[in-house]
Amino acid sequence: MAIDRTPVMKRSRSLGIEASFTGSSKKSKKKPPMSRKKVSEYGAQMKEKQKAKFCYGVLEKQFRGYYDRASNMRTGITGENLLMLLEHRLDNVVYRLGLARTRMEARQLVSHKLITVNGRKVNIPSFHTKPGDVVEVSQSRKESVRFKDIVAATGGRRVESWLEADAANLKGRIITSPTREQIDTPVNETFIVELYSK
């Protein structure tokens, strides 16, 4: 499986976004590189796509698959549908519920079969969740020190209104699909649609 091993801080600086959007608590003292070159329309579109891929931890082939699914949906706007599909990934839901400090950690927890969906263990980070699904830490791991540390670190994080979190029992429920206003990812999805439409 391909993995992007670029350091988080270096990547976030180059894209001009805060590393906190990936869940990282690190803060860079360096300033983003200043470029005097005028950014072309294609360059601006490409940057928005790279930002979305970086925030959600998705590589090009999979990201293109999400775009194709979004463009074939019968309702909604393609760009907003794309972000909605990315938000419904299991690793993202685990992160949003505060059951992981970062999306990368959430991906690892899912891959190691420490997360269940509706009582069944799922080890696929890209698993598509849907409204009504209950996402929970595996019963055998609920008393582990690791999850106590995670809850202590994420206790102050705001849980989006399309989710319902139960931190005490290490679980949560998806109430509905998120709207664009409920997604805080700093991406201009219109540019992504324009890029893929060429």
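Predicted model: local features only at pLDDT ≥ 70, side-chain atom pairs only at ≥ 80, totals over all residues.
Thr116 sits in strand β1, and across from it in β2 stands Lys121. Lys121 also turns up among the contacts of Thr116 once neighbours within four places in sequence are set aside; the others are Val134, Val135, Glu136 and Ser138.

Zooming out, β1 covers residues 115-117 and pairs with β2 in the antiparallel sense over 2 bridges. Both belong to an open sheet of 5 strands, which runs in the order β2-β1-β3-β5-β4 with antiparallel pairing. At the edges are β2 (120-121) and β4 (163-166), each of which pairs on one side only.

Then there is the packing. The largest nonpolar core has 22 residues, and those touching the most other members are Leu90, Val93, Val94, Leu109, Ile115, Val135 and Phe147. Two or more residues each come from α5 (90-96), α6 (103-111), β1, β3 (134-137) and α7 (145-154), with α5 giving the most, at 4 residues. Apart from this core lies another, of 17 residues, including Ala52, Tyr66, Val187 and Val193.

Ile115 is worth a look of its own. Leaving out neighbours within four places in sequence, Ile115 is in contact with Leu90, Val94, Leu109 and Val110, as well as with Arg120, Lys121 and Val122, and with Val135, Glu136, Val137 and Ser138. Among these partners, Leu90, Val94, Leu109 and Val135 are also named with Ile115 as core residues that touch the most other members.

Technical notes
Residues numbered from 1 in each chain as written. Heavy atoms only, no water. Pairing = 2+ DSSP bridges. Contact = heavy atoms within 4.5 Å. Core = buried A, V, L, I, M, F, W, Y, C linked by side-chain atoms within 4.5 Å. Buried < 20%, exposed > 50% of the residue type's maximum accessible area, 1.4 Å probe, protein only.
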